[in-house]
Amino acid sequence: MVASITTIPVIGVPVKSSNSIDGWDSVLSILQMPNGIPVATVALNAAKNAGILAAEIIGTFDENVSLALEKYKQTMQEEVLHKVKKLKAEWPNDFDL
C-alpha cells in the first residue's frame, strides 16, 4: 500500500506471523501489486536482504556506500571460503578437488 502513495522505491519484506499461512499471504500481498506500482520483494523474513538491497540502490550514486558494500561482500566470501576449508579438513572425501 505504501508504494501506491510514494515515488521512492519500496522494498517489501514478507513476514511469517502467528496468524499467517506460512507467510504466503504476506508474499502474495506484495507480489500482487497492480501495474504501475512496483515493489521489490525479498525472501520471507529477509529484512537483512532488504537492507542490503536498499544500500545497493543508494550505492548507485553514493561511492562510500558502494565501497562499504564491496567490503561487506568480500568479507562474506572470505567467511564462506574459510568454512569450506574447515569442512574439507574435518570431513575429507573423494570428491574434493
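## A chat about a predicted chain

Tutor: In this predicted model, helix H1, residues 24-31, has Ser26, Val27 and Ile30 as buried residues. Buried means under 20% relative accessible area, exposed means over 50%, and partly exposed lies in between, with a 1.4 Å probe and protein chains only.

Student: Where do the buried residues of H1 fall, seen down its axis?

Tutor: They fall within an arc of 100°, so they line one face of the helix. The arc is that of the directions from the helix axis to the C-beta atoms. As background, an α-helix has 3.6 residues a turn, so residues three or four places apart point the same way.

Student: And what covers the buried residues of H1?

Tutor: The cover includes strand E1 (11-12) and strand E2 (40-41). Helices (H or I, at least four residues) and strands (E, at least two) are DSSP runs, numbered from the N terminus.

Student: Before going on, what should I know about the numbering and the model?

Tutor: Residues are numbered from 1 along each chain as its sequence is written, and side-chain values use heavy atoms, with hydrogens and water left out. Because this is a predicted model, local features need pLDDT of at least 70 and side-chain atom pairs count only at pLDDT 80 or more, while totals for chains, interfaces and linings use all residues.

Student: How many helices and strands are in the chain?

Tutor: The chain has three helices and two strands, and along the sequence they follow the pattern β-α-β-α-α. The radius of gyration of the chain is 19 Å, well over the 13 Å that the globule rule gives for 97 residues, so the chain is more spread out than a compact globule. That radius is taken over C-alpha atoms, and the rule is 2.2 Å times the number of residues to the power 0.38.

Student: What box do the C-alpha atoms fill?

Tutor: Roughly 55 × 40 × 20 Å, taken along the principal axes. Buried residues make up 18% of the 97 residues.

Student: Switching to leucine 69: where is it, and is it buried or exposed?

Tutor: Leucine 69 lies in helix H3, residues 63-90. It counts as buried because its relative accessibility is 14%.

Student: Which residues does leucine 69 touch?

Tutor: Leucine 69 touches Ile52, Ala55 and Glu56, not counting residues up to four places away in sequence; contact means heavy atoms within 4.5 Å. The C-alpha atoms of leucine 69 and isoleucine 52 are separated by 8.0 Å, and the two residues are 17 residues apart along the chain.

Student: Now the loops. Which loop holds asparagine 45?

Tutor: Asparagine 45 is in the loop between E2 and helix H2 (47-59). Its phi is near 60°, a positive value in a residue other than glycine. Most residues other than glycine have a negative phi. At 48% relative accessibility, asparagine 45 counts as partly exposed.

Student: What is the phi of aspartate 22?

Tutor: Aspartate 22 has a positive phi of about 55° although it is not a glycine, and it is found in the loop between E1 and H1.

Student: And where is alanine 43?

Tutor: Alanine 43 is in the loop between E2 and H2, and its relative accessible area of 47% makes it partly exposed. The C-alpha atoms of alanine 43 and glycine 12 are separated by 9.1 Å, with the two residues 31 residues apart along the chain.
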